[in-house]
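Take a walk through this protein with the structure open beside you. Find each part as it comes up.

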Amino acid sequence: FKFIGLIAFSDPIRPTVPPAVIECYRAGLRVIMITGDYPGTAKYIARQIGLKNPDEVITGPELMAMDRLELQSRISEVNVFARVVPEQKLNIVNALKANHEVVAMTGDGVNDAPALKSAHIGVAMGERGTDVARESADLVLLNDDFSSIVAAVRMGRRIYDNLKKAVA
């Protein structure tokens, strides 16, 4: 073999994501990133999108070594999970639920299906999502953009407020 060159791929974040994350925080919503990427990549993306506490990362091997109670304790401080496998995504969702948090999980692949099904609200990506993810989810996005979820929450809260006013 003769070395000819090096190719690098970049998948930049969508420009709508950082403002959507800020809007989530203003609305009292917590945003967590669960990814199969390496910790360095996950931290870099977390900083770019404005996640709180982006340098605190729990990796898949660390998750494997934790018992259920330790995960429930640590999950309240950590917003970035890297090198995670499907079973661990499910464990993260269940730990959040055990801490009495309402959990919305997004995903697009077969590996996301168990966590999508377990979450209070499973949100599948409709454009690039697999059939298994879409069938496991409660909601399917027509536009695979995080900002769509934020807009839906905003609209849902407005509808809820209007219903409360109408009932009162």
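At 24% relative accessibility, Arg-74 counts as partly exposed. The terms have cut-offs: buried means under 20% relative accessible area, exposed means over 50%, and partly exposed lies in between (1.4 Å probe, protein chains only). This is a predicted model, in which local features need pLDDT of at least 70 and side-chain atom pairs count only at pLDDT 80 or more, while totals for chains, interfaces and linings use all residues. Residues are numbered from 1 along each chain as its sequence is written, and side-chain values use heavy atoms, with hydrogens and water left out.

Stay with Arg-74. Arg-74 forms a salt bridge with Glu-56, and their closest N and O atoms are 3.2 Å apart. A salt bridge here is a side-chain nitrogen of Lys or Arg within 4 Å of a carboxyl oxygen of Asp or Glu. Side chains of opposite charge can pair when their charged atoms come close. Arg-74 lies in helix 4 and Glu-56 in the loop between helix 2 and strand 2, so the pair ties together parts that are 18 residues apart in sequence. Helices (H or I, at least four residues) and strands (E, at least two) are DSSP runs, numbered from the N terminus. Glu-56 is partly exposed, at 32% relative accessibility.

How many salt bridges does the structure hold? The count is eight. One of them joins Arg-154 to Glu-23, with the closest N and O atoms 2.7 Å apart. This pair links distant parts of the chain: Arg-154 sits in helix 8 (residues 146-167), Glu-23 in helix 1 (residues 17-26), and they are 131 residues apart. Arg-154 is partly exposed, with a relative accessible area of 38%. Glu-23 is partly exposed too, at 29%.

Now look at Asp-112 and Lys-89. Their side chains meet in a salt bridge (2.5 Å, N to O). Asp-112 is in the loop between strand 4 and helix 6, Lys-89 is in helix 5, and this pair links distant parts of the chain, 23 residues apart. Are these two buried or exposed? Asp-112 is buried at 5% relative accessibility, and Lys-89 is buried at 7%. Elsewhere, a network of salt bridges links Asp-108, Arg-128 and Asp-144.

Lys-89 leads us into helix 5. This helix covers residues 86-98; at 1.5 Å a residue, its 13 residues should span 18 Å, and its end C-alpha atoms are 18 Å apart, which agrees. The expected span is 1.5 Å times one less than the number of residues. The buried residues of helix 5 are Gln-88, Lys-89, Ile-92, Val-93, Ala-95 and Leu-96. Seen down the axis of helix 5, they fall within an arc of 160°, so they line one face of the helix. That arc is taken from the directions from the helix axis to the C-beta atoms. An α-helix has 3.6 residues a turn, so residues three or four places apart point the same way.

What do the buried residues of helix 5 pack against? Their partners include strand 1, helix 3 (60-65), strand 3 (80-82) and helix 6 (113-118). Contact means heavy atoms within 4.5 Å. Just after helix 5, His-100 takes a positive phi of about 65°.

Three strands form an open sheet in the order 1-3-2, and the pairing is parallel. Strand 1 and strand 2 (57-59) stand at the edges, each with a single partner strand, so one side of each is left without a neighbour in the sheet. Two strands pair if DSSP finds at least two bridges between them. Strand 2 and strand 3 pair over three bridges, and Ile-58 stands opposite Phe-81 in strand 3. Helix 2 packs on the sheet and touches strand 1, strand 2 and strand 3.

Phe-81 has another neighbour to find. Thr-35, in the loop between strand 1 (33-34) and helix 2 (39-49), touches Ala-42, Phe-81, Ala-82, Arg-83 and Val-84, not counting residues up to four places away in sequence. Thr-35 is buried, with a relative accessible area of 13%.

Finish at helix 8. At 1.5 Å a residue, its 22 residues should span 32 Å, and its end C-alpha atoms are 32 Å apart, which agrees. Ser-148, Ile-149 and Val-150 are its buried residues. They pack against helix 1, strand 4, strand 5 (121-125) and strand 6 (139-141).

Technical notes. Axes fitted to C-alpha atoms, helices over the stretch in contact; angles between N-to-C directions.
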